Amino acid sequence: MIAVYIVLFLVVMFFIITNIPVFGRLPKDLRLEKIHQLPNYKDGALQNQSITPMQPEGVSFLKVLNAFLFEKHPNKAPDKALPFIAPNLNGKPKSDAPEIIWFGHSSYLIKVEGLRILVDPIFSKTPSPFSFIGSKAFLGTDVVKAEEFKNIDILIITHDHYDHLDYNSILKIALQVKTIVTSLGVGEHLEKWGIKADKINELRWNESLTLFNSLVLTAVPARHFTGRKFKRNQTLWSAFVLSTAKYKLFLGGDSGYDTHFAKIGEEFGPFDLALLECGQYNAYWPYIHMFPEETVQAAIDLKAKVLMPVHWGKFSLAMHPWNEPIKRVVLAAAAKQLPLVTPKLGETIIITEYLPTENWWLEE
């Protein structure tokens, strides 16, 4: 078993020292100076607002890796294609209310105020630097291709992990994107990949940006981490508050549960909809991802009128069954009387008008 770890380590080290573009690039020059000036930069890295170890006390990285690679975990992926509704990606919305189309994991398209906003697009087969490493996308989740997205108004990237900042998807989408909004430091990756600096807007926590005269995006704290190589937390990770004249959405990115949700709810809430992660959790990493019951509580803390659970339904990045997250969220939300929306992949929801709740994952 030690030999396996050594081989994995050597393979990763080879790709890192060869400087393959998919890894991106660490911040430098003025961007690095801005990061060093952040109040949560300490001891050579960005910090969470609460102490956030990667694993709980007494749990080593090797123990986690051993559990992930060598223990049996049944039902990690569906055995048949998931239902997928062919969406209208580039057409005009049918309503004045925001429309949202979810593509699995944390990728979704928002249509609001005549704008099309794409969040954390990943349309590669694996959420990793190389197609032969990591979880494969579930059957039926590859209906939409990255090249189908034309003239996106705003591309939002919450942080630089491979399952949120997907190199191949970005290359196919970004050239036609009008503007990109992301967390401070992530622009270094994008520039390395040939995206012009004047298209990139990087925000600190609690910094806002007004776009197209009517839409405001505010980066807010999350409890997570970043890094595309071994060196962590050199770029910022964020959630985003999306505000228009009539509606307010919370775009959660990745985050463990903490008091920041209640603080954001007090300052920015109530929200018409909160899109929050509910999958890829485990007791081995309890601080950087939420358990489904915590997802429900986070939505309540945010004063969200409706919760839309994401970060599930496309990849298996933890040891739980593929549909366990949504089953647990449904039970927890019912106990707290919190409204949910659970669309099929590709299905268009319309806030205040069409919020489907079919338990389609039970058809498996």
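# Notebook: Asp160 and its surroundings

I started at Asp160, where a polar atom of the side chain sits 2.9 Å from the backbone nitrogen of Gly227. I count a polar contact as a pair of N or O atoms within 3.5 Å; within protein, one must be able to donate a hydrogen and the other to accept it, and residues adjacent in sequence count only if both atoms are side-chain atoms.

The model is predicted: local features need pLDDT of at least 70, side-chain atom pairs count only at pLDDT 80 or more, and totals for chains, interfaces and linings use all residues. Residues are numbered from 1 along each chain as its sequence is written, and side-chain values use heavy atoms, with hydrogens and water left out.

**Asp160, continued.** I placed Asp160 in the loop between β6 (154–157) and α4 (167–173). Helices (H or I, at least four residues) and strands (E, at least two) are DSSP runs, numbered from the N terminus. Is Asp160 buried or exposed? Asp160 is buried, at 2% relative accessible area. My cut-offs are under 20% for buried, over 50% for exposed, and partly exposed in between (1.4 Å probe, protein chains only). I then listed contacts, meaning heavy atoms within 4.5 Å. Not counting residues up to four places away in sequence, Asp160 touches Leu165, Val186, His189, Thr226, Gly227, Arg228 and Thr235.

**Ser107.** I moved to the loop between β3 (99–102) and β4 (108–112), where Ser107 lies. Ser107 has 0% relative accessibility and so counts as buried. A polar atom of its side chain is 2.6 Å from the backbone oxygen of Asp120. With neighbours within four places in sequence left aside, its contacts are Ile101, Trp102, Val119, Asp120, Pro121 and Ile122.

**Helix α7.** Which residues of α7 (residues 292–301) are buried? I noted Pro292, Thr295, Val296, Ala298, Ala299 and Asp301. Their cover includes α6 (260–268), β13 (273–277), β14 (307–310) and α8 (324–336). After α7 comes Lys303, with a positive phi near 65°.

**Backbone checks.** I found a cis peptide bond from Gly269 to Pro270, omega near 0°. Pro270 belongs to the loop between α6 and β13. Asn75 is not a glycine, yet its phi is positive, about 65°. Asn75 sits in the loop between α3 (61–70) and β3 and is partly exposed at 39% relative accessibility. Asn206 has a positive phi near 70° and is likewise a residue other than glycine. I located Asn206 in the loop between β8 (200–203) and β9 (208–211). Its relative accessible area is 49%, partly exposed.

**Whole chain.** How many helices and strands are there? I count eight helices and 15 strands in the protein chain. The radius of gyration is 19 Å, close to the 21 Å that the globule rule gives for 364 residues, so the chain is as compact as a globular protein of that length. That radius is taken over C-alpha atoms, and the rule is 2.2 Å times the number of residues to the power 0.38. The C-alpha trace spans about 55 × 50 × 40 Å along its principal axes. Of the 364 residues, 58% count as buried. Of contacts between residues at least 6 apart in sequence, 71% join residues at least 24 apart.
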